[in-house]
Amino acid sequence: MARITWEGNQDWEKNFPDGQSLPNAVRLKRPQNILNTSLPYGVIPLILCFICVFLKKSTNDEFIFDWRFMPLSFIAGFLLIPAHEFLHAICYPMGAIYIGVCLKKVAAYALSFHPLSKSRYLVRSLASVLLGAIPLVVFVVCPLQWKALLTLCVVPSFMGLISPSPDYMDILLIIRQVPNGAKVQASNEGLYWFR
């Protein structure tokens, strides 16, 4: 069973004691500034969310949201940030998992130094997409008369599908660089793969 440790607010460049370099492992080639470089990977989910809003709006002449519920929608969207990291964490079968935030960068992390198979690491990276996909599906199928629910779903769907941008980038990097049958493991220096 995984042992999850809440780290609280941390410096983004924090080193963990059990995240040592891996001998005989190949380091993945990743951009230096992951957060900024991964922003373009959120464009397609952003467009998808806007298309859903415009399609919903095109079926009705009146405004589809209830402004009174918009603050709650934003609160729900920001609560997805720790839930996003928890979904990453539960994909690890054992070992220590660190979850924390870096308020200075407005970012969060879930980190474990336990190796995962390539396919399980891809699942781990995609798990958090559920937090945006579920509210988006509810938004799409919800009747226009339920403006409160439409409003409550809109911000979480945007945030839940855009916030995994670094995960989308990692998925493509792993698919391109990691051979099938290899394991992927994090260290303080980055992601590595080995057989």
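Biologist: Hi! What should I keep in mind about this model and its numbering?

Modeller: It is a predicted model, where local features need pLDDT of at least 70, side-chain atom pairs count only at pLDDT 80 or more, and totals for chains, interfaces and linings use all residues. Residues are numbered from 1 along each chain as its sequence is written, and side-chain values use heavy atoms, with hydrogens and water left out.

Biologist: Great. Where is Lys 118?

Modeller: Lys 118 is in helix 4, residues 118–126. Helices (H or I, at least four residues) and strands (E, at least two) are DSSP runs, numbered from the N terminus.

Biologist: Is Lys 118 buried or exposed?

Modeller: Lys 118 is buried, yet has no salt bridge. Buried means under 20% relative accessible area, exposed over 50%, and partly exposed in between (1.4 Å probe, protein chains only). A salt bridge is a side-chain nitrogen of Lys or Arg within 4 Å of a carboxyl oxygen of Asp or Glu.

Biologist: Which side chain of opposite charge is nearest to Lys 118?

Modeller: That is Asp 170, 14 Å away. For charge, Lys and Arg count as positive and Asp and Glu as negative, while His and the chain ends are not counted.

Biologist: What does the side chain of Lys 118 reach, then?

Modeller: The backbone oxygen of Val 178, at 2.7 Å. Leaving aside neighbours within four places in sequence, Lys 118 is also in contact (heavy atoms within 4.5 Å) with residues including Ile 174, Pro 179 and Val 184.

Biologist: Which other residues of helix 4 are buried?

Modeller: Besides Lys 118, the buried ones are Tyr 121, Leu 122, Arg 124 and Ser 125. They cover an arc of only 155 degrees around the axis, which puts them on the same side of helix 4. The arc is that of the directions from the helix axis to the C-beta atoms.

Biologist: What do they pack against?

Modeller: Among the partners are helix 3 (70–89), helix 7 (165–177) and strand 4.

Biologist: Back to salt bridges. How many does the structure hold?

Modeller: Four. In one of them, the side chains of Asp 170 and Arg 30 meet at 3.0 Å, N to O. Asp 170 lies in helix 7 and Arg 30 in the loop between strand 2 (26–27) and helix 1 (34–37), so the pair ties together parts that are 140 residues apart in sequence. Asp 170 is buried at 6% relative accessible area, and Arg 30 is partly exposed at 27%.

Biologist: What about Arg 124?

Modeller: Arg 124 meets Asp 167 in a salt bridge at 3.9 Å, N to O. With Arg 124 in helix 4 and Asp 167 in helix 7, the pair ties together parts that are 43 residues apart in sequence. Both residues are buried.

Biologist: New topic: how many residues of strand 4 are buried?

Modeller: Six of the six residues of strand 4 (107–112) are buried, so the strand is largely enclosed by the rest of the structure. Ala 107, Tyr 109 and Leu 111 point one way, while Ala 108, Ala 110 and Ser 112 point the other way. In a regular strand, side chains alternate between the two faces of the sheet.

Biologist: Which strand does strand 4 pair with?

Modeller: Strand 3 (96–102), in the antiparallel sense over six bridges. Two strands pair if DSSP finds at least two bridges between them. The two form a hairpin with four residues between them, and Val 106 in the turn has a positive phi of about 50 degrees.

Definitions and conventions
A polar contact is a pair of N or O atoms within 3.5 Å; within protein, one must be able to donate a hydrogen and the other to accept it, and residues adjacent in sequence count only if both atoms are side-chain atoms.
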